[in-house]
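Please consult the sequence and structure shown here while reading.

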Amino acid sequence: MSKKANYFLGLLSGMGLMVIAVIAFVLSPLHPSTLFDGSSAPLRTTPTAAAAAAELDDTDLMQKLNHIHQIIDTNFIGDFDLELAIEMMFAGFVYGAGDPYTVYMDPTTFAAFREETEGSFIGIGVSITVDATDNRMLIISPFEGSPAFEAGLLPGDKIVRINGYEVFGDGMNEAIRMMRGEAGTEVVVTIYRESSGETFDVPIIRAVIEVETVRSNILDNNIGYIRISQFDRVTYEQFANAYERLMGQNIEGLIIDLRNNPGGLLDVVNNITNMLIPEGIITYTEDAQGRRVYFPSDANYIDIPLVVLVNGNSASASEVLSGAVMDTGVGELLGTTTFGKGLVQNIFPLRDGSAVKVTVQRYFTPSGRSIHGEGITPNHYVEMDVELTNNLMRISQEEDVQLQEAIRVIGGMIGQ
(Lines give C-alpha, C1' and ligand atoms only; values in the text may rest on other atoms or scores of the structure.)
Protein backbone atom coordinates (compact mmCIF):
# COMPACT_ATOMS: atom_id res chain seq x y z
CA MET A 1 0.00 0.00 0.00
CA SER A 2 1.26 3.49 -0.79
CA LYS A 3 2.54 5.92 1.82
CA LYS A 4 -0.31 8.19 0.80
CA ALA A 5 -2.81 5.45 1.55
CA ASN A 6 -1.22 4.71 4.94
CA TYR A 7 -1.40 8.39 5.83
CA PHE A 8 -5.02 8.64 4.76
CA LEU A 9 -5.98 5.50 6.67
CA GLY A 10 -4.41 6.80 9.84
CA LEU A 11 -6.17 10.11 9.48
CA LEU A 12 -9.47 8.43 8.68
CA SER A 13 -9.09 6.27 11.76
CA GLY A 14 -8.79 9.35 13.91
CA MET A 15 -11.71 11.02 12.20
CA GLY A 16 -13.83 7.89 12.51
CA LEU A 17 -13.40 7.88 16.26
CA MET A 18 -14.35 11.53 16.24
CA VAL A 19 -17.73 10.56 14.75
CA ILE A 20 -18.49 8.67 17.96
CA ALA A 21 -17.24 11.55 20.08
CA VAL A 22 -19.50 13.99 18.24
CA ILE A 23 -22.57 12.48 19.93
CA ALA A 24 -21.53 13.47 23.43
CA PHE A 25 -19.80 16.68 22.36
CA VAL A 26 -22.82 18.08 20.57
CA LEU A 27 -24.83 17.64 23.74
CA SER A 28 -22.34 19.82 25.61
CA PRO A 29 -22.34 23.01 23.50
CA LEU A 30 -20.13 25.99 24.06
CA HIS A 31 -22.78 28.66 23.44
CA PRO A 32 -26.07 27.26 22.16
CA SER A 33 -28.52 29.74 20.65
CA THR A 34 -32.18 29.29 19.80
CA LEU A 35 -33.78 30.19 16.53
CA PHE A 36 -36.84 29.63 14.40
CA ASP A 37 -35.66 28.62 10.95
CA GLY A 38 -38.63 28.91 8.63
CA SER A 39 -39.03 25.36 7.47
CA SER A 40 -41.21 22.31 7.83
CA ALA A 41 -40.00 18.96 9.09
CA PRO A 42 -41.13 16.06 11.24
CA LEU A 43 -39.83 15.91 14.80
CA ARG A 44 -38.32 12.53 15.60
CA THR A 45 -37.44 11.02 18.94
CA THR A 46 -33.82 9.83 18.86
CA PRO A 47 -31.89 7.58 21.25
CA THR A 48 -29.98 9.08 24.14
CA ALA A 49 -26.31 9.87 23.59
CA ALA A 50 -25.26 6.86 25.65
CA ALA A 51 -27.57 4.47 23.81
CA ALA A 52 -26.51 5.79 20.42
CA ALA A 53 -22.83 5.51 21.30
CA ALA A 54 -23.37 1.94 22.45
CA GLU A 55 -24.79 1.07 19.04
CA LEU A 56 -21.55 2.10 17.37
CA ASP A 57 -18.82 -0.51 17.51
CA ASP A 58 -15.70 1.50 16.83
CA THR A 59 -13.79 -1.57 15.61
CA ASP A 60 -16.41 -2.46 12.99
CA LEU A 61 -16.77 1.17 12.05
CA MET A 62 -13.07 1.69 11.49
CA GLN A 63 -12.71 -1.55 9.57
CA LYS A 64 -15.46 -0.45 7.20
CA LEU A 65 -14.01 3.04 6.79
CA ASN A 66 -10.56 1.60 6.12
CA HIS A 67 -11.98 -0.87 3.62
CA ILE A 68 -13.85 1.86 1.76
CA HIS A 69 -10.75 4.01 1.60
CA GLN A 70 -8.65 1.11 0.34
CA ILE A 71 -11.13 0.59 -2.48
CA ILE A 72 -11.04 4.27 -3.43
CA ASP A 73 -7.26 4.57 -3.11
CA THR A 74 -6.70 1.49 -5.25
CA ASN A 75 -9.34 2.00 -7.92
CA PHE A 76 -10.45 5.63 -8.16
CA ILE A 77 -8.99 7.35 -11.25
CA GLY A 78 -9.45 10.91 -9.94
CA ASP A 79 -8.22 12.90 -6.96
CA PHE A 80 -9.83 12.01 -3.66
CA ASP A 81 -10.58 15.07 -1.51
CA LEU A 82 -10.06 13.75 2.01
CA GLU A 83 -10.96 17.02 3.72
CA LEU A 84 -14.28 17.15 1.88
CA ALA A 85 -14.92 13.47 2.63
CA ILE A 86 -14.44 14.06 6.35
CA GLU A 87 -16.80 17.05 6.36
CA MET A 88 -19.39 15.03 4.44
CA MET A 89 -18.96 12.22 6.96
CA PHE A 90 -19.99 14.56 9.77
CA ALA A 91 -22.83 15.96 7.68
CA GLY A 92 -24.02 12.46 6.83
CA PHE A 93 -23.97 11.42 10.47
CA VAL A 94 -26.25 14.32 11.42
CA TYR A 95 -28.40 13.67 8.34
CA GLY A 96 -29.32 10.36 9.99
CA ALA A 97 -31.71 12.30 12.25
CA GLY A 98 -34.13 12.22 9.33
CA ASP A 99 -34.88 15.94 9.73
CA PRO A 100 -33.62 18.20 6.90
CA TYR A 101 -33.35 21.08 9.37
CA THR A 102 -31.12 19.23 11.78
CA VAL A 103 -27.82 19.80 10.00
CA TYR A 104 -24.07 19.94 10.40
CA MET A 105 -22.40 23.22 9.40
CA ASP A 106 -18.71 23.24 8.61
CA PRO A 107 -16.69 26.23 9.90
CA THR A 108 -17.13 28.26 6.70
CA THR A 109 -20.87 27.65 6.54
CA PHE A 110 -21.36 28.37 10.24
CA ALA A 111 -19.40 31.61 9.99
CA ALA A 112 -21.61 32.66 7.07
CA PHE A 113 -24.72 31.69 9.02
CA ARG A 114 -23.67 33.82 11.97
CA GLU A 115 -22.94 36.77 9.72
CA GLU A 116 -26.38 36.47 8.14
CA THR A 117 -28.27 36.37 11.44
CA GLU A 118 -26.30 39.38 12.63
CA GLY A 119 -27.65 41.30 9.64
CA SER A 120 -24.58 41.61 7.39
CA PHE A 121 -22.87 39.17 5.03
CA ILE A 122 -21.54 38.76 1.49
CA GLY A 123 -23.70 36.81 -0.91
CA ILE A 124 -26.77 37.09 -3.12
CA GLY A 125 -29.34 37.62 -0.36
CA VAL A 126 -31.88 34.79 -0.17
CA SER A 127 -33.54 32.89 2.64
CA ILE A 128 -33.72 29.22 1.68
CA THR A 129 -35.09 25.98 3.03
CA VAL A 130 -35.41 22.39 1.82
CA ASP A 131 -38.46 21.16 -0.07
CA ALA A 132 -38.95 17.74 1.51
CA THR A 133 -40.92 16.50 -1.52
CA ASP A 134 -37.98 16.62 -3.93
CA ASN A 135 -34.94 17.54 -1.77
CA ARG A 136 -34.48 20.79 -3.67
CA MET A 137 -33.41 24.15 -2.27
CA LEU A 138 -36.49 26.35 -2.03
CA ILE A 139 -36.33 30.13 -1.83
CA ILE A 140 -38.60 31.34 0.96
CA SER A 141 -37.87 34.96 0.20
CA PRO A 142 -35.13 37.10 -1.35
CA PHE A 143 -33.97 39.85 0.99
CA GLU A 144 -35.46 43.15 -0.04
CA GLY A 145 -32.99 45.24 -2.04
CA SER A 146 -30.48 42.37 -2.30
CA PRO A 147 -28.82 41.23 -5.58
CA ALA A 148 -31.20 38.25 -5.65
CA PHE A 149 -34.18 40.59 -5.23
CA GLU A 150 -32.96 42.91 -7.97
CA ALA A 151 -32.28 39.93 -10.25
CA GLY A 152 -35.94 38.93 -9.98
CA LEU A 153 -35.75 35.78 -7.85
CA LEU A 154 -39.09 35.02 -6.23
CA PRO A 155 -40.46 33.10 -3.23
CA GLY A 156 -41.15 29.55 -4.38
CA ASP A 157 -38.26 29.47 -6.88
CA LYS A 158 -36.04 26.41 -6.59
CA ILE A 159 -32.26 26.59 -6.94
CA VAL A 160 -31.26 23.57 -9.03
CA ARG A 161 -27.71 24.49 -10.12
CA ILE A 162 -25.00 26.90 -9.02
CA ASN A 163 -22.33 27.75 -11.57
CA GLY A 164 -23.45 24.70 -13.55
CA TYR A 165 -23.21 22.24 -10.62
CA GLU A 166 -26.45 20.53 -9.65
CA VAL A 167 -27.36 21.09 -6.00
CA PHE A 168 -29.79 19.45 -3.60
CA GLY A 169 -31.14 20.16 -0.14
CA ASP A 170 -28.97 17.60 1.62
CA GLY A 171 -25.94 19.45 0.25
CA MET A 172 -27.23 22.87 1.25
CA ASN A 173 -24.12 23.77 3.24
CA GLU A 174 -21.91 23.38 0.19
CA ALA A 175 -24.46 25.19 -1.98
CA ILE A 176 -24.51 28.15 0.40
CA ARG A 177 -20.73 28.25 0.32
CA MET A 178 -20.84 28.33 -3.50
CA MET A 179 -23.18 31.31 -3.44
CA ARG A 180 -20.92 33.18 -1.02
CA GLY A 181 -17.68 34.76 -2.19
CA GLU A 182 -16.03 38.11 -2.72
CA ALA A 183 -18.20 41.17 -3.25
CA GLY A 184 -18.35 42.18 -6.91
CA THR A 185 -17.88 38.65 -8.28
CA GLU A 186 -20.52 36.79 -10.29
CA VAL A 187 -22.35 33.58 -9.53
CA VAL A 188 -24.80 31.95 -11.94
CA VAL A 189 -27.84 30.45 -10.24
CA THR A 190 -30.13 28.14 -12.22
CA ILE A 191 -33.74 28.51 -11.16
CA TYR A 192 -36.76 26.27 -11.63
CA ARG A 193 -39.98 28.30 -11.43
CA GLU A 194 -42.91 25.96 -10.87
CA SER A 195 -45.57 28.56 -11.70
CA SER A 196 -44.34 28.78 -15.28
CA GLY A 197 -42.56 25.43 -15.60
CA GLU A 198 -39.38 27.24 -16.70
CA THR A 199 -35.76 26.51 -15.83
CA PHE A 200 -33.37 29.39 -16.50
CA ASP A 201 -29.99 30.84 -15.53
CA VAL A 202 -29.71 34.03 -13.49
CA PRO A 203 -26.28 35.72 -13.30
CA ILE A 204 -26.00 37.59 -9.99
CA ILE A 205 -23.22 39.84 -8.68
CA ARG A 206 -22.39 39.10 -5.04
CA ALA A 207 -22.52 42.06 -2.67
CA VAL A 208 -22.30 42.97 0.99
CA ILE A 209 -25.83 42.45 2.26
CA GLU A 210 -26.75 44.94 4.94
CA VAL A 211 -30.13 43.54 5.79
CA GLU A 212 -32.83 46.15 6.29
CA THR A 213 -35.40 43.95 7.99
CA VAL A 214 -37.92 46.67 8.85
CA ARG A 215 -39.58 49.26 6.63
CA SER A 216 -42.31 51.69 7.67
CA ASN A 217 -44.50 54.51 6.44
CA ILE A 218 -47.91 56.11 6.99
CA LEU A 219 -50.82 54.97 4.83
CA ASP A 220 -54.15 56.63 4.15
CA ASN A 221 -56.30 57.75 7.10
CA ASN A 222 -53.26 58.10 9.37
CA ILE A 223 -52.64 54.36 9.61
CA GLY A 224 -49.09 53.27 10.41
CA TYR A 225 -47.49 50.43 8.43
CA ILE A 226 -44.47 48.35 9.47
CA ARG A 227 -43.13 45.53 7.32
CA ILE A 228 -40.79 42.96 8.94
CA SER A 229 -38.98 40.83 6.35
CA GLN A 230 -37.23 38.55 8.89
CA PHE A 231 -36.23 38.41 12.56
CA ASP A 232 -32.47 38.99 12.66
CA ARG A 233 -30.33 40.37 15.45
CA VAL A 234 -30.85 43.93 14.13
CA THR A 235 -34.63 43.64 13.80
CA TYR A 236 -35.77 44.57 17.31
CA GLU A 237 -33.96 47.92 17.27
CA GLN A 238 -35.18 48.62 13.74
CA PHE A 239 -38.76 47.82 14.75
CA ALA A 240 -38.62 49.91 17.94
CA ASN A 241 -37.24 52.89 16.00
CA ALA A 242 -39.91 52.56 13.31
CA TYR A 243 -42.66 52.36 15.93
CA GLU A 244 -41.38 55.43 17.77
CA ARG A 245 -41.29 57.42 14.52
CA LEU A 246 -44.85 56.43 13.66
CA MET A 247 -46.20 57.15 17.15
CA GLY A 248 -44.50 60.54 16.99
CA GLN A 249 -46.78 61.28 14.03
CA ASN A 250 -49.90 60.35 16.02
CA ILE A 251 -51.01 57.32 14.03
CA GLU A 252 -54.48 55.97 14.87
CA GLY A 253 -53.92 52.34 13.90
CA LEU A 254 -51.07 50.00 12.99
CA ILE A 255 -50.63 47.34 10.29
CA ILE A 256 -47.71 44.90 10.73
CA ASP A 257 -46.85 43.04 7.54
CA LEU A 258 -45.31 39.58 8.04
CA ARG A 259 -46.05 38.22 4.57
CA ASN A 260 -43.17 36.22 3.07
CA ASN A 261 -41.31 36.46 6.40
CA PRO A 262 -39.50 33.11 6.92
CA GLY A 263 -38.72 33.53 10.63
CA GLY A 264 -35.53 34.13 12.59
CA LEU A 265 -34.33 34.42 16.16
CA LEU A 266 -36.51 33.50 19.14
CA ASP A 267 -35.35 36.25 21.49
CA VAL A 268 -35.88 38.89 18.79
CA VAL A 269 -39.47 37.91 17.97
CA ASN A 270 -40.24 37.62 21.69
CA ASN A 271 -38.96 41.15 22.32
CA ILE A 272 -41.10 42.55 19.52
CA THR A 273 -44.17 40.54 20.50
CA ASN A 274 -43.77 41.77 24.09
CA MET A 275 -44.37 45.29 22.74
CA LEU A 276 -47.66 44.20 21.18
CA ILE A 277 -49.48 42.06 23.76
CA PRO A 278 -50.51 42.57 27.42
CA GLU A 279 -49.10 40.71 30.39
CA GLY A 280 -49.23 36.96 29.88
CA ILE A 281 -47.55 34.32 27.72
CA ILE A 282 -45.96 35.03 24.34
CA THR A 283 -45.26 31.38 23.58
CA TYR A 284 -44.00 28.26 25.28
CA THR A 285 -41.83 25.40 24.08
CA GLU A 286 -41.87 21.70 24.89
CA ASP A 287 -39.02 19.25 24.41
CA ALA A 288 -39.04 15.48 23.83
CA GLN A 289 -39.29 14.85 27.59
CA GLY A 290 -42.31 17.10 27.93
CA ARG A 291 -40.40 19.86 29.72
CA ARG A 292 -41.83 23.30 29.06
CA VAL A 293 -40.25 26.74 28.94
CA TYR A 294 -42.59 29.74 29.08
CA PHE A 295 -41.77 33.13 27.57
CA PRO A 296 -43.76 35.85 29.37
CA SER A 297 -44.79 39.33 28.30
CA ASP A 298 -44.96 42.27 30.68
CA ALA A 299 -47.84 44.68 31.25
CA ASN A 300 -46.54 47.38 28.88
CA TYR A 301 -47.83 47.08 25.33
CA ILE A 302 -48.95 49.08 22.30
CA ASP A 303 -52.62 49.84 22.96
CA ILE A 304 -53.66 50.68 19.41
CA PRO A 305 -55.92 49.04 16.77
CA LEU A 306 -53.75 46.38 15.15
CA VAL A 307 -53.93 44.19 12.04
CA VAL A 308 -51.21 41.67 11.15
CA LEU A 309 -50.82 40.63 7.50
CA VAL A 310 -49.79 36.98 6.90
CA ASN A 311 -49.64 34.45 4.08
CA GLY A 312 -48.41 30.95 3.30
CA ASN A 313 -44.79 32.14 3.42
CA SER A 314 -45.15 33.58 6.94
CA ALA A 315 -43.29 30.94 8.91
CA SER A 316 -41.84 30.11 12.26
CA ALA A 317 -41.06 33.28 14.24
CA SER A 318 -43.71 35.08 12.18
CA GLU A 319 -46.20 32.54 13.47
CA VAL A 320 -45.10 33.10 17.07
CA LEU A 321 -46.01 36.78 16.78
CA SER A 322 -49.19 36.07 14.81
CA GLY A 323 -50.36 33.39 17.22
CA ALA A 324 -49.80 35.62 20.22
CA VAL A 325 -51.70 38.52 18.67
CA MET A 326 -54.63 36.27 17.74
CA ASP A 327 -54.80 34.36 21.03
CA THR A 328 -54.61 37.48 23.21
CA GLY A 329 -57.16 39.33 21.08
CA VAL A 330 -55.10 42.53 20.82
CA GLY A 331 -55.38 42.53 17.04
CA GLU A 332 -56.64 40.61 14.04
CA LEU A 333 -54.87 38.60 11.37
CA LEU A 334 -55.61 39.09 7.67
CA GLY A 335 -54.43 37.17 4.61
CA THR A 336 -54.07 33.43 4.07
CA THR A 337 -53.12 30.49 6.31
CA THR A 338 -49.52 30.67 7.50
CA PHE A 339 -46.76 28.16 6.70
CA GLY A 340 -47.19 25.92 9.75
CA LYS A 341 -43.70 25.55 11.16
CA GLY A 342 -43.92 24.88 14.89
CA LEU A 343 -40.43 23.57 15.59
CA VAL A 344 -37.48 25.19 17.34
CA GLN A 345 -33.82 24.63 16.52
CA ASN A 346 -30.80 25.19 18.75
CA ILE A 347 -27.34 25.96 17.42
CA PHE A 348 -24.56 23.97 19.11
CA PRO A 349 -21.12 25.43 18.22
CA LEU A 350 -18.18 23.01 18.22
CA ARG A 351 -14.59 23.79 19.11
CA ASP A 352 -13.25 23.77 15.56
CA GLY A 353 -15.64 26.52 14.40
CA SER A 354 -18.26 24.16 13.01
CA ALA A 355 -21.72 23.69 14.50
CA VAL A 356 -24.75 21.43 14.60
CA LYS A 357 -28.25 22.84 14.25
CA VAL A 358 -30.72 20.53 15.97
CA THR A 359 -34.52 20.52 16.17
CA VAL A 360 -35.05 20.37 19.93
CA GLN A 361 -38.55 21.60 20.75
CA ARG A 362 -42.06 22.25 19.54
CA TYR A 363 -43.58 25.63 20.27
CA PHE A 364 -47.16 26.52 21.20
CA THR A 365 -49.28 29.67 21.05
CA PRO A 366 -50.49 31.22 24.34
CA SER A 367 -53.71 29.18 24.21
CA GLY A 368 -51.73 25.93 23.84
CA ARG A 369 -52.12 25.41 20.08
CA SER A 370 -49.45 23.56 18.17
CA ILE A 371 -49.54 24.93 14.64
CA HIS A 372 -46.90 22.66 13.10
CA GLY A 373 -48.15 21.32 9.79
CA GLU A 374 -51.38 23.29 10.21
CA GLY A 375 -50.49 26.97 10.21
CA ILE A 376 -52.69 29.75 11.56
CA THR A 377 -55.86 30.65 9.70
CA PRO A 378 -56.39 34.43 9.93
CA ASN A 379 -59.53 36.16 11.21
CA HIS A 380 -60.02 37.65 7.74
CA TYR A 381 -59.20 35.19 4.95
CA VAL A 382 -58.21 37.20 1.87
CA GLU A 383 -56.50 35.49 -1.04
CA MET A 384 -54.23 37.23 -3.52
CA ASP A 385 -52.83 36.21 -6.89
CA VAL A 386 -49.61 34.17 -6.59
CA GLU A 387 -47.67 36.49 -8.87
CA LEU A 388 -48.68 39.51 -6.81
CA THR A 389 -47.81 37.65 -3.60
CA ASN A 390 -44.35 36.81 -4.91
CA ASN A 391 -43.78 40.44 -5.88
CA LEU A 392 -45.09 42.16 -2.76
CA MET A 393 -42.36 44.79 -2.67
CA ARG A 394 -42.70 45.53 -6.38
CA ILE A 395 -46.46 46.06 -6.65
CA SER A 396 -48.40 49.24 -5.98
CA GLN A 397 -50.56 49.78 -2.91
CA GLU A 398 -53.61 49.69 -5.17
CA GLU A 399 -52.66 46.23 -6.52
CA ASP A 400 -52.15 44.84 -3.01
CA VAL A 401 -55.68 43.59 -2.30
CA GLN A 402 -54.69 42.21 1.11
CA LEU A 403 -53.24 45.53 2.23
CA GLN A 404 -56.30 47.36 0.92
CA GLU A 405 -58.57 45.08 2.93
CA ALA A 406 -56.36 45.54 6.02
CA ILE A 407 -56.78 49.31 5.67
CA ARG A 408 -60.57 48.84 5.47
CA VAL A 409 -60.62 46.52 8.53
CA ILE A 410 -58.48 48.73 10.70
CA GLY A 411 -60.52 51.73 9.59
CA GLY A 412 -63.55 50.00 11.09
CA MET A 413 -61.63 49.44 14.34
CA ILE A 414 -60.90 53.15 14.72
CA GLY A 415 -64.36 54.24 13.61
CA GLN A 416 -63.48 55.74 10.26
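Contact means that heavy atoms lie within 4.5 Å. Helices (H or I, at least four residues) and strands (E, at least two) are DSSP runs, numbered from the N terminus. The model is predicted, so that local features need pLDDT of at least 70 and side-chain atom pairs count only at pLDDT 80 or more, while totals for chains, interfaces and linings use all residues. Residues are numbered from 1 along each chain as its sequence is written, and side-chain values use heavy atoms, with hydrogens and water left out.

**Helix packing**

In the contact of α8 with α9, T235, Y236, F239, A240 and Y243 of α8 meet V268, N271, I272, M275 and L276 of α9. These residues comprise eight nonpolar, two polar and no charged; here Ala, Val, Leu, Ile, Met, Phe, Trp, Tyr, Cys and Pro count as nonpolar, Asp, Glu, Lys and Arg as charged, and the others, Gly among them, as polar. On its other listed contact, α9 uses V269, N270, I272, T273 and L276 to meet A317, V320, L321, A324 and V325 of α10. That contact has eight nonpolar, two polar and no charged residues.

The table gives the geometry, with axes fitted to C-alpha atoms over the stretch in contact and angles running from 0 to 180 degrees between N-to-C directions.

| Helix pair | Angle | Axis separation |
|---|---|---|
| α8 (235-247) and α9 | about 25 degrees | 9 Å |
| α9 (266-276) and α10 (317-328) | about 20 degrees | 10 Å |

Angles under 35 degrees count as roughly parallel. Therefore α8 and α9 are roughly parallel to each other, and α9 and α10 are likewise roughly parallel.

**Pocket and cavity**

On a 1 Å grid over the protein atoms alone, a cavity is a set of points where a 1.4 Å probe fits but cannot get out, and a pocket is an open set with protein on both sides within 12 Å along at least five of seven lines; lining residues have an atom within 4 Å of a point. Grid points are joined across faces, edges and corners, and a volume is the space filled by probe spheres set on the points.

The second largest pocket has a volume of about 670 Å³. Its lining has 27 residues, of which A91, D170, G171, M172 and N173 are the closest to its centre. Helix α4 gives the most to this lining, with seven residues.

The whole structure holds two cavities of 30 Å³ or more. The second largest cavity contains about 90 Å³ of space, and its lining residues include S141, E144, R227 and R394.

Methods: Parallel < 35°, antiparallel > 145°, perpendicular 65-115°, else oblique.
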